Amino acid sequence: MALLDPPIRGLDGEGSLQVGLDPNDRIGNAKVFAVYGKGGIGKSTTSSNLSAAFSLLGKRVLQIGCDPKHDSTFTLTKKLMPTVIDVLETVEFHSEELRPEDYMFEGYNGVMCVEAGGPPAGTGCGGYVVGQTVKLLKQHHLLEETDVVIFDVLGDVVCGGFAAPLQHAERAVVVAANDFDSIFAMNRIVAAIKAKAKNYDVRMAGVIANRSAATDEIDRFNDATGLKRLAHFPDLDEIRRSRLKKCTLFEMPSSPAVDAACLEYKRLAAQLWAGCEPLDAQPMKDRDIFEFLGFE
């Protein structure tokens, strides 16, 4: 993945330089999902439990963390893994010297886990990191027998680099709580997905309501923009404690709340595997959504 040369303006967004996808780097036959949402909303928890749910349905799953903090997969692997960029740096970016076990680790129920990492703070491009990760996976033939790939992407989409996983994904989902900040961020993410959909295969699948007892504000926003809610996970203390225990929700002691959440993850995985109709969501302008939200 490289910056398009010469720069193309207006391809995905007006007046911007875009990170382009090398057609040879497309992921094969796996179903590919990109998970986005406001920073701190629970994307990694959602992604890891969704990966676990897919694996329990008998699917071969690969989760790719796309955050320099490299903490996407630790509930699956029980450890912080070295990142692809860190490992490449040890061999001076001679990727042919790496083995799959140098950067890919098996987690809960066979889920394969990769942390892409990122450039040092304030330098480089996240899109380059995603591209190098996919190239390495293809070089080692690690995508050929994979059924599901989940990209867990950091925070809000603020540039083409952070949107790069959308160039590989079939469907994008947004994790949001039932509050102003989450929905405001979701609206901007939907705009980024809509921009990428002009030139790539990615389409919006829907919204995962997380950490919320109610979903009324999310549902109201969905009705106004053409989105739909795929699943709902309330603010359970058991989910918080699963992070502290470095395990998935499926490994927590059984209780009515835990069992219900696990069933919801399995239902969501089955729904995504069966295929979600693409949503032609229409994001609001920032001023419009500011007026739309926050009134009783």
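Trainee: Which residues is His140 in contact with, leaving aside its neighbours within four places in sequence?

Mentor: His140 is in contact with Ser95, Leu98, Arg99, Pro100 and Tyr103, where contact means heavy atoms within 4.5 Å. His140 itself is placed in the loop between α4 (126-139) and β7 (148-153). This is a predicted model, in which local features need pLDDT of at least 70 and side-chain atom pairs count only at pLDDT 80 or more, while totals for chains, interfaces and linings use all residues. Residues are numbered from 1 along each chain as its sequence is written, and side-chain values use heavy atoms, with hydrogens and water left out.

Trainee: Why is His140 called buried?

Mentor: Buried means under 20% relative accessible area, exposed over 50%, and partly exposed in between (1.4 Å probe, protein chains only). His140 has a relative accessible area of 18%, so His140 is buried. Of the 296 residues of the protein, 55% count as buried.

Trainee: What makes α1 a mostly covered helix?

Mentor: In α1, 13 of the 14 residues are buried. Helices are DSSP runs of H or I with at least four residues, and strands are runs of E with at least two, numbered from the N terminus. The protein has nine helices and ten strands.

Trainee: How do you know that the span of α1 agrees with its 14 residues?

Mentor: The expected span of a helix is 1.5 Å times one less than its number of residues. For α1 this should be 20 Å, and the end C-alpha atoms are 20 Å apart, so the two agree. Helix α5 (residues 180-196) has 17 residues and reaches 25 Å from its first C-alpha to its last, close to the 24 Å expected.

Trainee: Why are α1 and α8 called roughly perpendicular?

Mentor: Angles of 65 to 115 degrees count as roughly perpendicular, under 35 as roughly parallel, over 145 as roughly antiparallel, and the rest as oblique. The axes, lines fitted to C-alpha atoms over the stretch in contact, have angles from 0 to 180 degrees between N-to-C directions. Those of α1 (residues 43-56) and α8 (residues 256-274) cross at roughly 75 degrees and come within 8 Å. The two helices are therefore roughly perpendicular to each other.

Trainee: Which residues of α1 and α8 meet?

Mentor: Among them are Leu50 and Phe54 in α1, and Leu268 and Trp273 in α8. The residues of this contact divide into nine nonpolar, three polar and one charged. Nonpolar covers Ala, Val, Leu, Ile, Met, Phe, Trp, Tyr, Cys and Pro, charged covers Asp, Glu, Lys and Arg, and the others, Gly among them, are polar.
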